[in-house]
Amino acid sequence: MAMARVGVFWHEDMLTKHDLGRGVFDTLSDPGFLDVLEPHPENADRLRNMLSILRRGPLSPHLSWYLGRPASTSELLSFHSPGKYVGLP
């Protein structure tokens with residue numbers, strides 16, 4: 001039985017233009033209970049590693065790559081509240 005292919009939508013701007021926040025609850029201040037003040041989990045190094053796993057790892061033969069695009073405001077508002085994450089004119 002052949003394994004179904006999975007589509008991956010990606011654009012290099014995700015590494016340079018996507019505002020990932022600052023991590024540690026977006027404040028970079030120590031809340032007093034963390035051992036390590038880590039960057040946002042979607043930081044560029046983590047994204048590069050995930051891409052390399054997808055491109056060269058065991059799932060690679062089962063992936064189809066497509067050029068991604070920025071989400072529209074209505075798409076963003078389908079899972080984010082206006083204001084903090086979605087700037088409205």
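# Salt bridges in a predicted model

Q: What is the mean pLDDT of the protein, and what share of its residues reach 70 or more?
A: The mean is 81, and 78% of the residues reach 70 or more. pLDDT is the predictor's confidence in each residue, from 0 to 100. This is a predicted model: local features need pLDDT of at least 70, side-chain atom pairs count only at pLDDT 80 or more, and totals for chains, interfaces and linings use all residues. Residues are numbered from 1 along each chain as its sequence is written, and side-chain values use heavy atoms, with hydrogens and water left out.

Q: Which elements have the lowest and highest mean pLDDT?
A: Helix α2 (residues 24-27) is lowest, at 58. Strand β2 (residues 63-67) is highest, at 96. Helices (H or I, at least four residues) and strands (E, at least two) are DSSP runs, numbered from the N terminus.

Q: Switching to charges. How many salt bridges are there?
A: Three. The cut-off is a side-chain nitrogen of Lys or Arg within 4 Å of a carboxyl oxygen of Asp or Glu.

Q: What does E12 pair with?
A: R55. Their closest N and O atoms are 3.6 Å apart. The pair links distant parts of the chain, 43 residues apart. E12 sits in the loop between β1 (6-10) and α1 (13-16), and R55 in helix α3 (residues 44-56).

Q: How far apart are the closest N and O atoms of E75 and R69?
A: They are 2.7 Å apart, and the two residues form a salt bridge. R69 counts as exposed, at 56% relative accessibility. E75 is partly exposed, at 30%.

Q: New topic. Where is T16?
A: In helix α1. T16 is exposed, with a relative accessible area of 63%.

Q: What separates the C-alpha atoms of T16 and A44?
A: 7.8 Å, with the residues 28 apart along the chain.

How values were computed:
Buried < 20%, exposed > 50% of the residue type's maximum accessible area, 1.4 Å probe, protein only.
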